[in-house]
Amino acid sequence: MYLAKTIPTEHKDVIHDVAYDYHGKRMATSSCDQLVKIWDLVNGEWRCSASWKCHTGVIWRVAWAHPEFGQVIATCSYDRTTAIWEELPPEDGQECKWVKRGNLVDSRSSIVDVKFAPKHLGLKLATCSADGNIRIYEAPDIMNLSQWTLQHEIVSKISLSCLTWNQSRFLPPTIAAGSDSPNATASVHIYEYNENARTWSRAESIGAITPPVRDVAFSPNLGRSYDMLAVASREVTILQVKPLPRKDSSGQAGSTKYEIRNVAQFSDHQSQVWRLSWNITGTILASSGDDGFVRLWKGNYLDHWKCIATLRSDGSDEQSQSGAAGAAGGASGLASSAGGGVGSVGSGKDQRGLSTYSTGRSSFAPIWH
């Protein structure tokens, strides 16, 4: 059962991204109006606790750091900057205040995505820009978030649109990046960090996916010998990415090679798919598309995947709304939390409202464009 509730966000323009914190009790929204809003779940109701202007251009993405590092978010924008914000505790009965701790200005083009690294890698974040560069930053001292060091820069030579970190503790740091270039021979690339050489290099290019990609998402890995990578283009594609360690002539472990298998591909949206999100166990995938629906996908022990739910922003399913698939406009984003029971979905094209879904098991947050 899925329950829907509308939230009037009072954004003055299109909402581009929604992100939950680790516990699913807080939510951040970013918009074309250059504002970020923070929402807290209080007694079952979402309450806006902070709102401020972050950038001088469209804010494409917002991301939460792991709570071990405090209440920290990162935003990226068309103005070619990435900003890091930290919440300060309230003083003298006043509400909490968010302050800018860092401003990363290395990019010469629009920064289209930002993601914090998994907790075990420390306080790091990766950004990708429209000119094809991936930049990885680290805060050497987590008690001083005003200092961020550019650790690595990866030049991909094609326009990028999205990225995702592999969550596995047992593999070298790995990033998958998607391209929205219509002329790319491969629209998804996997990059891996080599500890010996202290450099990032391209480990794999997935030539089976050539249409423009809008989102990529590695699933959480709870004991599998392989990883699942979801790709959003004109279709929802689910890939099995299995590392194949090899050894060079000296007997030392060489760079990782991957066996990539297409386990599922769905065109149910019949339109552009904008965002993807996994639940905490990596067993259910949510997708949102221009058809105005959020679809949930689940696989069985034989890796046979199927759609288990199709939802609209009003909480109804596809069957009860047949013939009106595009009435609500296109979906542009999804966000998820590690542990909460609610999600949110935008109320329609060029609208500024959100609707929450309560599933009782996981959190998915599509927003609308």
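A: Contact, or touching, means that heavy atoms lie within 4.5 Å. The model is predicted, with local features needing pLDDT of at least 70 and side-chain atom pairs counting only at pLDDT 80 or more, whereas totals for chains, interfaces and linings use all residues. Residues are numbered from 1 along each chain as its sequence is written, and side-chain values use heavy atoms, with hydrogens and water left out.

The close look begins with Trp148. Leaving out residues up to four places away in sequence, Trp148 touches Ile84, Gly102, Leu104, Phe116, Leu123, Leu125, Tyr137, Glu138 and Ala139.

Glu86 belongs to another strand, β8 (residues 82-88). Its relative accessible area is 19%, so Glu86 is buried (under 20%; exposed is over 50% and partly exposed in between, with a 1.4 Å probe and protein chains only). Neighbours within four places in sequence aside, Glu86 is in contact with Gln71, Val72, Lys97, Trp98, Val99, Arg101 and Leu145.

Trp98 leads on to the aromatic rings. Ring pairs link Trp98 with Trp52, Trp64 and Trp85 in a cluster; rings of Phe, Tyr and Trp (its six-membered ring) pair if their centres lie within 6.5 Å, and planes under 30 degrees apart count as stacked, over 60 as edge-to-face and the rest as tilted. The structure holds eight aromatic pairs. In one of them, the ring centres of Trp165 and Trp200 are 6.1 Å apart and the planes stand at 80°, so this pair is edge-to-face. Trp165 in strand β14 and Trp200 in strand β17 are 35 residues apart, and the pair thus links distant parts of the chain. Both Trp165 and Trp200 are buried.

The strands of this pair belong to an open, antiparallel sheet of four strands in the order β14-β15-β16-β17. Because β14 (162-165) and β17 (199-206) stand at the edges with a single partner strand each, one side of each is left without a neighbour in the sheet. Four bridges join β14 and β15 (residues 174-178) in the antiparallel sense; strands pair if DSSP finds at least two bridges between them. Within β15, Ile175 is the bridge partner of Trp165.

Methods. Helices (H or I, at least four residues) and strands (E, at least two) are DSSP runs, numbered from the N terminus.
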